[in-house]
Amino acid sequence: MKARLFIAFAIACTGIRVSAQTQFTIVNNKNGATLGYSPASGVKILTVGGLKFKDLNRNGKLDKYEDWRLPADERAKDLVRKMSVEQIAGLMLYSIHQSIPAAEMGFRSGTYNGKTFLHSGVRPSELTDQQKAFLKNDHLRHILVTSLQSPAVAAEWNNNVQAYAEGLDMGIPANNSSDPRHMATATTEFNEGAGGQISLWPDGLAMAATFDPSIVRAFGEIAGKEYRALGITTALSPQIDLGTEPRWYRINMTFGESSLLATDMARAYIDGFQTSAGAAEIKDGWGYHSVNAMVKHWPGGGPEEGGRDAHWAYGKFAVYPGNNLQEHIAPFVNGALKLNEKTLQAAAVMPYYTISYNQDTKNRENVGNGFSKYIITDLLRTQYKYDGVVCTDWLITADEGKTPDQFAGKSWGVEKLSVAERHYKVLLAGVDQFGGNNDIKPIVEAYQMGVKAFGEQAFRERFEQSGVRLLRNIFRTGLFENPYLDVEKSVQTVGNKDFMKAGYDAQVKSVILLKNHQSVLPVQQKKTVYVPKMYTAAARDWWGNFNPAKFEYPVDTNTIKKYYNLTTDPNAADFAIVFVNSPQSPSGGYDSNDRRKGGNGYVPVTLQYQTYTATDAREKSIAAGDPVVDPSVMDRSYRDKSVTAANFTDLQTILDTKEMMRGKPVIVSVTASKPMVFREFESQADGIVLNFGVSTQAVLDIISGKQAPSGLLPVQMPANMHTVEMQKEDIPFDMECHLDADGHRYDFGFGLNWKGVISDERTKQYGHQSSVLAGTK
């Protein structure tokens, strides 16, 4: 007992305390950095001039990179000079998606001592065999995490990762990262961490519908604190592509089609995530609360021809029929790279997969943006003077699939190069990091190509340049000093009630009241409501999983019952609410059946429920060509082809409900993922409430009058598909907008409150752009 007391007293006197829960040690410096290290890593503490430092490379002396008193750049330059080519190459890696614990099979699978998690008997926070391998053998330090079992498991896993990394090489910490995870549900590969035990906020178009950058700034600060509590120090966000092409499915994660609004939202988002203040600040706004923001997708991925997306070969081209690249760049250079607060610029930039068709005016080269020296070096680095990290989107150096609709590598424009040659071209373009690559071998091979072309010294300097940029983001967030988490504090932070309330309040403010005929809304609580069940056709989700057909309530009935009495008999109801989704195209613009029948495979992307025939589509596409999967197809036009929305029964349900209610009010609640054609049903609805992916509760708060509507349209709603075909993919505000039965035009910036059309400071600042830039519709 005396020995234990003496040890405890000695530890207290030296400013050291041991965490029994997580097996790391904390060392306090008076008026200096707090250090955290794992004794098991072999790291010791050096005392120099009465101050404590971590001897990360275990050489018994204080190196510059270990000296927390020095600027981040000086430390990074010292460290990178000490690193081997292989170690720098490891920094350039960015892992494939990791779930904690690892999945039993498939893309997210992993093993623990050769066994799957369910058969291993280990804690869910243990490292997988694969994670240990890429940390040790490939020197990887940037890890993308998706689903996390709980905040406690996330914090424990972080501590295990950091302790393992600390014991390797130079003791470089892991820089864990996440795609957006604050939405209510996970729908795709790039938000699959969503829906967890974390505050839930609107995202993309939903956040843009608030027209309030101060809400985004608050979100960034809160989300950043939750990220740090989960061990996450890089956010693969925000997505600030301009949503000028209404058919593009990723438009729902943009801040809309206004470059002015998107610029202000981008700036607020990044300021919130990156800024540390008070005791948490290390220097220049960076510190222990900071999360590096990786803004995407340079130079704007919005103008996809025909609305197809570059995750697949059929959507590899972004086109500029309006010669409007500069406006797509504006949210980056005027927002992300010109912050209001002390960190000044986004820590990282991600180019999109797309070939920005015919935009390279210097080299006349049509390659994916991550391979383009013009897009990365000439524009981003030279013209706009950006010296932060540039990281490719995931899997651009891998081989594409055997058909245009197969989800595989995305080496657009360089398909005939080898994997190593693609890495080399990326490096020559000015990029620092390879998303979704765990393997250093092709990077080292690319290095040898560079040595042969430029000499050892020159290409070593090129590698060190990227190494400094990558290390800078790790130093500035304080990870070299203390990457460890207090698990109990993490549990208390993530999803706490104040954060949850702030997120919910933002959800409510994003809901848009589009129609309120004869002031039918709000409908007071405790009335009786009829909510029809909905048919959902069988389909495959983003990951290829087959979901069978179903006929069920579209929302949780328990939530409805908190507001209204629910009946299955329209005759017994006072009013009806029909919950629908915006029209969903059965494909992303490519149909292999059409190809097998002798067509080119390309079909329309529809924004209406009923069958649409593209009689007004371009006679010949702007861009085409694929040297691997369809070299014979040099025209991607879909003119005169037809398509019907997968959820066409949503429209019929609205019309049937109108008939069954016999003149009693019918409210349509639309959850939209993109613009849509309202002409098919608007006249049959007494009220229309629109949201871009928030909770049912937020929608019902508006319908019931518990909250007042304040959301505004962040995109135009087209009058018909003719105007969609006539608009130019790169131009905002160029569609004829829907005019409803009450005389309201569903234009950018439109929304109702209980008094009528909203006109406030937000609409004065942002809402005038549509008429100014495109003329009165």
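Start at His297, which is found in strand 13. The model you have open is predicted. Select Lys296 together with His297 and look at the backbone between them: the peptide bond joining these two residues is cis, with omega at about 10°. Most peptide bonds are trans, and most residues other than glycine have a negative phi. Keep both points in mind for later stops.

**The sheet around strand 13**

Now select all of strand 13, residues 292–298, and strand 15, residues 348–351. The two run parallel and are joined by four bridges. Lys296 has Met350 as its bridge partner in strand 15.

What is the order of its strands? The order is 7-8-9-10-13-15-17, in an open sheet of seven strands with parallel pairing. The edges are strand 7 (98–100) and strand 17 (389–390), each of which pairs on one side only. Strands of a sheet pair through backbone hydrogen bonds, so display the backbone here.

Move to strand 9, residues 175–178. Asn175 and Ser177 point one way, Asn176 and Ser178 point the other way, and all are buried. Then look at the two neighbours of strand 9:

- Strand 8 (residues 142–148) pairs with strand 9 in the parallel sense over three bridges, and His142 stands opposite Asn175.
- Strand 10 (residues 234–235) runs parallel to strand 9 and is joined to it by two bridges; Thr234 in strand 10 is the bridge partner of Ser177.

Next, follow the chain past strand 10 to Pro238, in the loop between strand 10 and helix 9 (259–274). Here is another cis peptide bond, between Ser237 and Pro238, with omega at about 10°.

**Helix 12**

Select residues 419–429. Is this helix mostly enclosed or mostly open? Helix 12 is largely enclosed by the rest of the structure, because eight of its eleven residues are buried. Just after helix 12 comes Gly430, with a positive phi of about 105°.

Go to Lys385, in the loop between helix 11 and strand 17. Lys385 is not a glycine, yet its phi is positive, near 55°. Lys385 is exposed, with a relative accessible area of 64%.

Arg58 also has a positive phi, of about 55°, although it is not a glycine. Look for Arg58 in the loop between strand 5 and helix 2. Arg58 counts as partly exposed because its relative accessibility is 31%, which falls between the cut-offs of 20% and 50%.

**Aromatic rings**

Show the aromatic side chains. How many aromatic pairs does the structure hold? The structure holds 36. One of them is Phe53 and Trp68, a stacked pair at 5.2 Å centre to centre with 20° between the planes. Phe53 lies in strand 5 (residues 51–55) and Trp68 in the loop between strand 5 and helix 2 (72–82), 15 residues apart. Phe53 is buried at a relative accessible area of 0%, and Trp68 counts as buried at 15%.

For an edge-to-face pair, select Phe678 and Tyr746, with centres 5.5 Å apart and planes at 90°. Phe678 is in the loop between strands 29 and 30, and Tyr746 is in the loop between helix 21 and strand 31, so the pair ties together parts that are 68 residues apart in sequence. Both Phe678 and Tyr746 are buried.

Then select Trp201, Phe219, Tyr227, Phe255, Tyr269 and Phe273, which form one aromatic cluster.

Now select Lys410 with two rings. Lys410 lies over the face of Phe407, at 3.8 Å from the ring centre. The charged end of Lys410 also sits over the ring of Tyr353, 5.5 Å from its centre.

**Last stop: cysteines**

How many disulfides does the structure hold? The number is zero. Select Cys391 and Cys737 to finish: Cys391 is buried, with a relative accessible area of 0%, and Cys737 is buried at 2%.

Key. Residues numbered from 1 in each chain as written. Predicted model: local features only at pLDDT ≥ 70, side-chain atom pairs only at ≥ 80, totals over all residues. Heavy atoms only, no water. Disulfide = S-S within 2.5 Å. Buried < 20%, exposed > 50% of the residue type's maximum accessible area, 1.4 Å probe, protein only. Phe/Tyr/Trp six-rings, centres within 6.5 Å; stacked < 30°, edge-to-face > 60°. Lys NZ or Arg CZ within 6 Å of the ring centre and 35° of its normal. Pairing = 2+ DSSP bridges.
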